[in-house]
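Hi everyone, thanks for coming.

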Amino acid sequence: MTESLTRTELLLIERPSRAVVDVGADELVEAAALLLSSGFRLALVAGHDDDDATLRIVYLFVGGPPDQRFELHVRISRLEPRIASLAHLSFPAGRFERELRDLFGIEPVGHPQPRPLVLHQHWPAAWHPMRKDAETQPPMNPDAKPYPFVAVEGPGIYEIPVGPVHAGVIEPGHFRFWVVGETIVKMKARLWFTHKGVERLFEGRDLESALHLSERISGDSAVGHSLAFCMAVEEALGIAVAPRTAELRAILLELERLYNHVADVGALCNDAGFGLANAHALTLRERLLRLNEQVTGHRLARGGVQYGGAVLRSLPTLNDLREIGQRFHEIVNLARSNTIVMDRFTGTGVLSATQAREIGVLGVAARASGLARDARYSHPFVQSPDTFMMACADAGDVLARFQVRCDEVDASLDMLADYVSRTGALSVVSFEHTGESTHHGTGIVEGWRGAVVHRVEFDAAATLSRVKIVDPSFLTWPALAVALADTIVPDFPLVNKSFNLSYAGNDL
Amino acid sequence: MNSVESVCVAGLVAIVQIGAVLVGGPLLLGVMRKVRSRLEGRRGAPIHQPLLDLRKLITKQRLRPFEASWVFGFGPVILVATVAAVAAISPLATTRPPLGQSSDFFAIIFVLLLGSVFLALGALDTGTPFGGMGSSRAMTVGALAEPALLVAILAMSIPAHTSNLPALVRIGLAHPVVIASPARLLALGSFLVVILAESGRLPVDNPSTHLELTMIHEAMVLEYAGPDLGLTMLGESMRLVLLLGLLVNLLVPWGVADRPGALAFVIGLVALVGKVLLAGVAIAVFEVFSAKLRLFRLPELLAGGFILAVLGAVTAVVSR
């Protein structure tokens, strides 16, 4: 057995909280298989354009509790950018590899779907935007062929193209349905219409504006992304934060979860034609946004998370939280007592636990399919209250995802009540360089959609050289198509809303 | 009264009835939206907002899909024209509308259906998937709703020995017992279900959704813009008022003018407005607490309507 494989095996015995193993390209598959079969999850794959001779690929495997993050680093020649595919071991790995193929030009050998993922057809084929030498504005390919959809053919099957421009004010995505009567045979989602090159925008940016940028990766996850980014930077620079800081950050994170879950619960009812519940949910959401403004000075809770701390202006009062809880229960009871709404939710868009596990689904969708995945549990940064219970359901249908959101609102309110009753300062910013600076770090945060993962690297001059962002939507989007099988077309908006995945977080 | 005079009176009645339906349609829509908004705790748009929308749409540029044929432009016109024609001869404000003897319940339902059929054809004409999807759904709903309606009319016609609409209303006025008969009540229940289905209200269709994949009626008219869209909206709202007007006059005919004379006609008109307003508000209140049924549950609802109609017809036959 080679040295790096022995080291990987050793990791599984010693179980340190952080570890980096350099593996040879030929040992990658074995090392990855070892980690995956030991219950680790592939959370992130990042390409790195290190120098003129080599490209480096970082595979981040995470597990917990206790919090464990193991990285496999593989160096390959720039002249022969190939890597053995892990797609047969893990579906998320296959997605990451296709992303790597587009952005870095690294060919995954043995990949079952060696097709572009991020870049649409009109981008030049040999252009890989994350390479250091890539032109910022390459010539477009005007002769690009339309996307080769794998068409479903047969008697009575017809196609419905929807988007990328939709009737509502939502982000762009193209959905192609193949339908018999009203039953969906297959759905294919085309995303990345808003690929902005966010990761590249981070490179070389000063830390202050990098934090601002991280708050704007996905507008509704300002806290989730900025906190994950902040924690990654702190880990890289060896900054330890005070326990009070963690509590303040947790308050922000739960506030973000609250307003988004409340809006989703209302929107789900609205999509079932029950506008009454949505009207009340929107009122409650507005109240939560105003609460955010009181707490942070910004309705979307931007500006609260800072390096080495958190800055709050005030805390929500227990009375606020109680009232919000009461109003929310009224809305949920209204929805539950409507038999038509419950009928629409029940059994619609089922994602089984096996499917969810194989796809690598995260967050609300995973918990609604019976997978106990929650970064607050596996990668905690704060001491959760003893009463914290992960909201889970088994059915995997729209109702289960609705229910998980309702339960999480309750759990968040309980957590907030606990955090605000702990005494301490309103804002804490302290830079205590405890550990040595490792120049790289990871941040994992359970945002309201699921686990947000950031990995940052600094170069020798201490500037940001690489930021890799994984929004839970990137890993969860494929589940939507699977859950839609045998669903009817008019129920698609309901199923889509029950996942409510981010376009911005996916497209990056 | 000489014949010239009677023709003039008849023309006036027709014009007033058409005008009432023309203005009443958009206004009723505005009232229903307002009621919904208020009950949901929102302020809502002003009641005359649909009229403003209409003015905006009518003054816009006419824009039609490149490959659409004359059928596409014909749809909205036929819709408005058929509703207006039926409005002229229906017993709305008076039981003696012009050409009242030809105002047969079966006939006017099929005349109204012409508008729906042309809208569906217009949607197919564009060749877009949404048009096809919308018209397929609308025709499915229609195919399930029409039989219920036909049997309902049959149930009302058997005791009255006529399917002439003014006669049906007059009989209700003269013998209120007929209205309270199970045949009439069951048939009108069925008629109400059909009205909700045909005019795209909850729980069959969600008139306020922007989600193109769930739409029935809205998907069908998705390609219409400007004046065409305005006419479609106008025609739809007129049809709702017309059908509600018929429903309330069959259920509570009191107030409708049963003798010639201007005063009686005006009273009839006011009574009609009041009754239709009440019916519209009742539907809006129902909609607030309702939700949209799953598409595949619609046959159950419409089958329910059909059963009501059949029961009505059976009781009508048995109690002869």
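**A buried isoleucine, a helix pair and a chain contact**

Let me start with one residue: Ile57(A) is buried, because 22 other C-beta atoms lie within 10 Å, and the cut-off for buried is 20 or more. Please keep in mind that this is a predicted model.

Where is Ile57(A)? Its place is in strand S3 of chain A, residues 54–63. Leaving aside neighbours within four places in sequence, Ile57(A) is in contact with Val45(A), Gly47(A), Val74(A), Ile83(A), Leu100(A) and Ile106(A). As for Arg98(A), 41 residues apart from Ile57(A) along the chain, the two C-alpha atoms are separated by 13 Å.

Now over to chain B, and a pair of helices. Two packed helices are described by the angle between their axes and the distance between the axes. Here the pair is H8(B), residues 182–198, and H12(B), residues 298–318; their axes come within 8 Å and cross at roughly 155°. Angles over 145 degrees count as roughly antiparallel, so that is what H8(B) and H12(B) are to each other. The crossing of H8(B) past H12(B) is left-handed.

Which residues meet there? From H8(B) we have, among them, Leu186(B), Gly189(B), Ser190(B) and Val193(B), and from H12(B), residues including Leu301(B), Gly305(B), Leu308(B) and Gly312(B). By type, the residues of this contact are 13 nonpolar, six polar and no charged.

Staying on H12(B), have a look at Ala313(B), which lies in that helix. Is Ala313(B) buried or exposed? Buried, because 23 other C-beta atoms lie within 10 Å. Beyond the neighbours within four places in sequence, its contacts are Val151(B), Leu154(B), Ala155(B) and Ile158(B).

Ala155(B) comes up again in the largest nonpolar core, which has 238 residues: together with Val262(A), Ala148(B), Ala152(B) and Ala309(B), Ala155(B) touches the most other members.

Last, how do the chains meet? On the chain B side, 23 residues are in contact with 28 residues of chain A. The elements of chain B giving two or more residues to that side are helix H5, 129–160, and helix H11, 262–289. That side of chain B divides into twelve nonpolar, six polar and five charged residues.

Notes:
Residues are numbered from 1 along each chain as its sequence is written. Chains are lettered from A and ligands numbered from 1 in the order in which they are written. This is a predicted model: local features need pLDDT of at least 70, side-chain atom pairs count only at pLDDT 80 or more; totals for chains, interfaces and linings use all residues. Axes are lines fitted to C-alpha atoms, for helices over the stretch in contact, and angles run from 0 to 180 degrees between N-to-C directions. Helices (H or I, at least four residues) and strands (E, at least two) are DSSP runs, numbered from the N terminus. Angles under 35 degrees count as roughly parallel, over 145 as roughly antiparallel, 65 to 115 as roughly perpendicular and the rest as oblique. A crossing is left-handed if the near helix is turned anticlockwise from the far one by less than a right angle, and right-handed if clockwise. Two residues are in contact if their C-beta atoms, placed from the backbone, lie within 7 Å. Ala, Val, Leu, Ile, Met, Phe, Trp, Tyr, Cys and Pro count as nonpolar, Asp, Glu, Lys and Arg as charged, and the others, Gly among them, as polar. A nonpolar core is a set of buried Ala, Val, Leu, Ile, Met, Phe, Trp, Tyr and Cys residues joined through C-beta atoms within 7 Å. A residue is buried if 20 or more other C-beta atoms lie within 10 Å of its own, exposed if 12 or fewer, and partly exposed in between; C-beta atoms are placed from the backbone.
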